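Work through the exercises below with the model open beside you. Try each task before you read its solution.

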Amino acid sequence: MKIITSLITASVLSASFITSALAHDTGHSQLEQAIAGEHRSAKNSARDQYRHPQQTLEFFGFQSTMTVVEIAPGGGWYTEILAPALKGSGIFYGAHYPDTGKDDYYSKSRRRLETKLASDAVFSEVKLTNFTPKVASELAPANSADLVLTFRNLHNWGEAGVKQIFADSFKALKPGGVLGVVEHRMPTSQKFADNMRSGYFPPQLAIDLAIAAGFTLADSSEINANPKDSATHPKGVWTLPPVYRLGDKDKAKYSAIGESDRMTLKFIKPAK
């Protein structure tokens with residue numbers, strides 16, 4: 001009887017392991033397919049060498065069955081990957097600036113994103129919510145998200161804005177959920193007060209603000225690091241590709257540097 005019980009137990013554990021492994025593999029396969037999808041433009045795919053989407057999302061613990069929030073999707077570079085990677089198995093919220101009807105940056109950005117989402121069935125399950133910098137916003141229903149992500153945005157919001165968005169993220173996440181941040185990294189030799197319009201953000205300030213919001217720093221990665229980037233450019237981070245704010249002036253020089261040096265930070269909302 002003990003032998004039979006042991007065999008049954010082993011069989012159950014083995015089946016559980018196989019099911020878990022298959023789910024894991026399926027999640028990764030869906031992510032890989034999304035990254036390789038024909039819906040992505042050649043221009044956007046060319047940025048993969050600098051942004052490392054698969055490695056970055058895997059570092060944050062992404063699975064295709066998760067509820068995921070992307071804050072300020074902008075032009076939708078990561079949305080092109082997240083939407084199909086979650087479609088049919090997870091939930092994807094795009095928390096973006098609302099369209100107030102004004103002819104300003106925020107409303108125009110929302111309209112462009114909505115046009116993009118309507119252009120391809122791959123985006124049909126994306127749920128848009130409203131996010132306003134420095135104002136308390138419901139990114140997703142409270143305690144519903146497994147993963148909240150923001151890419152290259154902290155510099156847009158300033159210290160007060162980042163403080164608020166981290167509080168909003170904490171509220172949206174489930175206990176044990178992850179906040180993933182990728183941002184242009186300001187060197188410690190620079191002062192944020194003097195260079196806050198450069199597009200770079202101090203790593204320690206990002207960490208301090210996240211901890212103040214209730215998060216713990218779980219890990220950091222150099223996946224998106226670029227030691228060639230000195231972060232001392234005439235037009236800030238926008239001097240570099242893909243923007244090339246200086247036009248053709250020294251373009252070869254900045255092309256050789258590549259995209260900015262970036263910090264990749266993983267925070268966790270404590271389970272209790």
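**Exercise 1. Which residues in α5 are buried?**

Solution. Start with the ground rules. This is a predicted model: local features need pLDDT of at least 70, side-chain atom pairs count only at pLDDT 80 or more, and totals for chains, interfaces and linings use all residues. Residues are numbered from 1 along each chain as its sequence is written, and side-chain values use heavy atoms, with hydrogens and water left out.

Next, the terms. Buried means under 20% relative accessible area (1.4 Å probe, protein chains only). Helices (H or I, at least four residues) and strands (E, at least two) are DSSP runs, numbered from the N terminus.

Now read off the helix. The buried residues of α5 are Thr79, Glu80, Ile81, Leu82, Ala83, Pro84, Ala85 and Leu86. That is 8 of its 8 residues. After α5 comes Gly88, with a positive phi near 85°.

**Exercise 2. Describe the order of the strands in the sheet and find its edges.**

Solution. Two strands pair if DSSP finds at least two bridges between them. Here 7 strands form an open sheet, with mixed pairing, in the order β3-β2-β1-β4-β5-β7-β6. β3 (127-130) and β6 (216-221) each have a single partner strand, so one side of each has no neighbour in the sheet. Now take one pair. β1 and β4 run in the parallel sense and share 3 bridges. Val68 stands opposite Leu147 in β4.

**Exercise 3. Which residues touch the most other members of the largest nonpolar core?**

Solution. A nonpolar core is a set of buried Ala, Val, Leu, Ile, Met, Phe, Trp, Tyr and Cys residues joined through side-chain atoms within 4.5 Å. The largest has 39 residues; Val69, Ile71, Phe131, Trp157, Phe166 and Phe201 touch the most other members. α7 gives the most to this core, with 6 residues.

Zoom in on Phe166. Contact means heavy atoms within 4.5 Å. Beyond its neighbours within four places in sequence, Phe166 is in contact with several residues, including Leu154, Leu179 and Phe215.

**Exercise 4. Which helix gives the most to the lining of the largest pocket?**

Solution. On a 1 Å grid over the protein atoms alone, a pocket is an open set of points where a 1.4 Å probe fits, with protein on both sides within 12 Å along at least five of seven lines; lining residues have an atom within 4 Å of a point. The largest pocket is lined by 45 residues. α6 gives the most, with 7 residues. Gly74, Gly75, Tyr105, Arg152 and Asn153 lie nearest the centre.

Key:
Buried means under 20% relative accessible area, exposed over 50%, partly exposed in between (1.4 Å probe, protein chains only).
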